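The model is a predicted one.

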Amino acid sequence: MTGTQSNRRYGAEASILLIGMRGTGLSTLAFMAARALKFRVVDSEQVFHQVTGLSRHSYSSKYGATEYRRRELELLQSMLSQNSQSCIIVCSLGAIQGTGQEYIAQYSKGHPVIHVMRDAKSVQKYLKSRDIETVTELIRRTDPIYRRLSSFEFYNVNDASSDHCELNGKTNEQVPGTLTLKQLEADFVQLVERISFHQTYPHDAREHSFPVSPEVRQYTYALPVLLSDWSEGFSRVGNADILADALQLIVADYRTVRHEQGLDDLTATRISQQYFQAKRQSHLPVMFHAARYTSTDFHVRSMIGPPVPDHAYMRLLNHGLRLCPEYLCIDLSIDEAEILRLVASKGSTKIIGDIHIEEPGVDGWNQPGRKELVEKAQRLGCDLIRMSQDAQNMDDNFAVRSFAYKIKTDVGIHVPLIAYNTGRLGRTSQFLNPIFSPVMNPVFSPSSHPGPTREQLLTVRESQAALYSSLVLEGLKYGIYGSNVTHSFSPQMHNAAFDFCGMPHEYSIFQHATLGPLREILQREDLGGVSISAPFKQDVRQYVDSMSFEAQAIGAINTILPLRSKSTNPTTLRNRTGKVTGLHGDNTDWTGIYECVQRNLSPINAIKPGTTALVLGAGGMARAAIFALIRLGVRTIFIHNRTESNAVRLVKHFQGKSFSKDQDPNCYHSVSKHDEAAVIRVLHSRDEPWPTNVAAPTIIVSCITVQEAEDKPPVNFTLQDSWLESTTAGVAIELAYTPIETPFLQQIRSLADQGWIACDGLQVLPEQGVKQFELFTGRKAPQKLMRHIVYRVLHEAEAKTSDRPPA
Ligand SMILES: O=C1C[C@@](O)(C(=O)O)C[C@@H](O)[C@@H]1O
């Protein structure tokens with residue numbers, strides 16, 4: 001049942017072919033991928049119609065089946081050869097019958113061919129006329145054909161369970177269909193980018209906090225979960241964050257072993273479905289791990305039962321590569337030729353050579369042959385090696401660190417090593433191991449489970465807390481600096497996040513009328529970082545030695561990180577005290593705005609060349625808003641500010657800029673596409689009618705400080721009607737959050753029946769805070785918690801003022 005063999009390496013511009021049954025979402029997915037990669041969509045059905053003037057069915061009835069086949073093959077060949085670059089080509093079964101199939105199989109050697117699947121019910125809904133049994137049977141018959149012709153597969157999951165809202169701290173609200181489509185888009189685009197080695201700008205702006213993979217960062221964690229247990233476990237996750245950095249999905253399929261071929265098509269499809277479901281719900285990089293032993297080998301540790309026959313094991317792994325996971329584990333004890341074959345066809349997946357030493361003996365880590373295992377993994381082309389053994393005593397935990405040190409300092413070895421002991425006694429080595437330490441999450445390890453128990457693995461929180469209490473890492477001080485920050489929600493938000501992650505850090509308030517006192521704060525040996533608030537975001541630039549691309553482009557800083565070495569990479573050297581040798585400035589405000597626009601913009605208002613946006617205000621936040629809008633692709637932006645000269649200054653700063661990805665040194669990408677520059681205009685007065693011949697804005701961002709200082713009255717700002725005349729409505733974002741309900745937000749809410757979506761300041765705050773947390777700590781932020789906390793703080797504050805208990 002394997003697909004076509006290829007090395008899964010293609011030119012960055014190679015066209016991508018999507019095949020599958022009608023109703024699986026081919027055209028939608030093609031459109032999504034084309035938009036992200038800046039490719040064109042070519043649809044075989046449309047091509048057939050355009051060239052012959054007839055549908056396939058009419059052509060076949062008119063000219064007969066033989067002539068139809070000949071014409072179909074001729075068109076397929078010319079369509080593929082004429083569009084071999086920069087296209088997403090869609091082919092459903094009609095186009096690939098008979099000889100066409102061999103042609104596609106051949107094509108798949110030089111181009112990614114992705115088989116798209118979906119559940120029978122959704123396909124039936126699309127095809128309308130057929131009953132479910134017929135559709136199921138059709139899928140059963142055609143899946144093997146598509147699988148044979150392709151080298152990748154994608155399961156379009158119809159995932160009602162991930163539809164609960166986690167966006168604004170309130171749970172169980174239904175996410176509108178458009179948002180589900182966005183999740184689908186994010187998943188598919190990510191897959192396509194990985195398959196084709198593209199890295200266009202991240203869709204989730206936050207991904208940018210970690211420009212390096214988890215194996216390059218310090219103290220990352222992998223959560224082992226049986227693939228078949230994922231769904232049930234996830235249903236128990238609720239609104240809790242999963243703090244692991246990767247999901248180790250263990251495929252333990254005993255049917256695979258019984259089946260003569262190793263893996264039958266139905267099982268393969270089920271694995272794909274569960275895999276993409278887990279990917280959708282976890283948003284985590286995945287390690288595809290096929291169990292080597294027939295009894296539950298939940299964690300590599302317990303080798304129980306007879307091993308899965310090699311051919312069955314390899315089939316599972318080859319199927320794994322079709323899903324293009326970030327990582328795939330292979331047992332290093334398998335035949336070397338098999339490992340080499342797998343490595344040769346890995347595409348962009350990183351291979352982890354895995355070895356568990358069953359009987360390590362006394363002082364196992366110092367036994368001969370250990371270093372040779374690492375060398376073997378490297379020689380076979382593995383990207384990482386993972387070694388484990390059962391701890392015999394406490395000393396084994398120090399022996400493994402000393403082994404890892406020897407490997408790290410060996411000039412001939414460059415493959416990253418994951419090394420730890422297993423079992424209760426091995427936990428010390430697990431929290432000391434710096435990459436992909438195994439962790440547990442009680443939600444996925446119910447007591448009835450045969451895998452490692454609560455006592456054998458630590459949680460991420462426990463592992464982190466252990467690093468701090470053993471002084472490997474150190475507790476740090478953080479804070480928010482500004483002239484009016486006593487009511488900021490940032491302290492509660494960051495402190496709750498530190499606590500949740502097992503970090504002893506403290507975040508406090510630095511309220512000052514001038515920038516002067518900041519200098520002393522920035523030199524403290526236990527400083528972790530500072531959030532900068534109004535009105536200092538621009539002036540503070542003179543304090544730093546370096547700035548991120550975004551902070552430079554925006555011309556404002558909201559995050560300062562102390563440097564303690566020459567490296568400006570904030571993710572590798574975090575959580576250490578010591579002399580501050582330099583200061584680095586970054587800006588996370590734009591990500592908050594970027595996220596909120598992306599999340600709330602309905603498909604009808606998807607950003608197009610004609611999209612117009614309006615920014616109110618001209619301070620540091622307005623700068624971030626303009627940057628976010630340009631990054632989102634908006635090319636016409638209006639600004640209105642009470643003091644016009646400040647708005648004019650902003651226009652000068654941004655006019656003609658595209659902030660093309662090419663200019664960003666942190667953004668690694670292989671395609672270079674020219675981005676058009678933005679046009680920015682000032683609206684002189686709030687009474688001025690919206691300019692004729694320009695569409696009314698579909699995105700409005702209000703960056704006006706509602707209460708600039710405690711003694712000033714709030715700015716009472718609303719828009720005149722002609723600025724809100726977009727016929728397709730739009731999204732309006734308020735950045736201020738004290739008070740939460742501003743006159744501007746109320747005005748937008750009154751237009752909800754026309755389709756306007758209002759986004760309050762407490763939706764933006766955690767988004768920028770999440771990125772800030774990640775810069776501060778080098779660890780993934782508990783996003784759901786941070787979103788939740790700000791609303792909780794608000795409700796508590798409201799309850800206090802109205803003297804009633806919080807809801
Ligand atoms: O502007 C803001 C808001 C903020 O200052 C606050 O907590 O209020 C926190 C800053 O990080 C952010 O840039």
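## Helices H6 and H7

Helix H6, residues 120–127, packs against helix H7, residues 132–149, at an angle of about 115°, and their axes lie 9 Å apart. An angle of 65 to 115 degrees counts as roughly perpendicular, and H6 and H7 are therefore roughly perpendicular to each other. The crossing of H6 past H7 is right-handed.

On the H6 side, the contact is made by Ala120, Lys121, Val123 and Gln124. H7 contributes Ile132, Val135, Thr136 and Ile139. Sorted by class, the residues in this contact are five nonpolar, two polar and one charged.

## Glu137

Helix H7 also holds Glu137. Its relative accessible area is 33%. Buried means under 20% and exposed over 50%, so Glu137 is partly exposed. The C-alpha atom of Glu137 is separated by 44 Å from that of Leu785, and the two residues are 648 residues apart along the chain.

Strand S18 covers residues 559–563 and is mostly covered, with five of its five residues buried. In a regular strand, side chains alternate between the two faces of the sheet. In S18 both faces are covered: Thr559, Leu561 and Leu563 are buried on one side, and Ile560 and Pro562 are buried on the other.

S18 pairs with strand S16, residues 527–532, in the antiparallel sense over two bridges. Here Thr559 of S18 is the bridge partner of Ser531. S18 is also joined to strand S19, residues 582–586, by five bridges, and these two strands run antiparallel. In S19, the residue opposite Thr559 is Asp586.

## The six-stranded sheet

Another part of the model is an open sheet of six strands in the order S22-S21-S20-S23-S24-S25, with parallel pairing. Its edge strands are S22 (679–682) and S25 (757–759), each of which pairs on one side only. Ignoring direction, neighbouring strands of this sheet are turned by 15° against each other on average.

Ile733 stands opposite Cys759 of S25.

## Helices on the sheet

Helix H21, residues 589–600, packs on this sheet and touches strand S23 (699–702), S24 and S25. The direction of H21 makes about 150° with that of S24.

Helix H22, residues 620–632, packs on the sheet as well, touching strand S20 (612–616), strand S21 (636–640), S22 and S23. The direction of H22 makes about 170° with that of S20.

How values were computed. Residues numbered from 1 in each chain as written. Predicted model: local features only at pLDDT ≥ 70, side-chain atom pairs only at ≥ 80, totals over all residues. Heavy atoms only, no water. Axes fitted to C-alpha atoms, helices over the stretch in contact; angles between N-to-C directions. Helix = DSSP H or I, 4+ residues; strand = E, 2+ residues; numbered from the N terminus. Parallel < 35°, antiparallel > 145°, perpendicular 65-115°, else oblique. Left-handed = near helix turned anticlockwise from the far one by under 90°. Contact = heavy atoms within 4.5 Å. Nonpolar A, V, L, I, M, F, W, Y, C, P; charged D, E, K, R; others polar. Buried < 20%, exposed > 50% of the residue type's maximum accessible area, 1.4 Å probe, protein only. Pairing = 2+ DSSP bridges.
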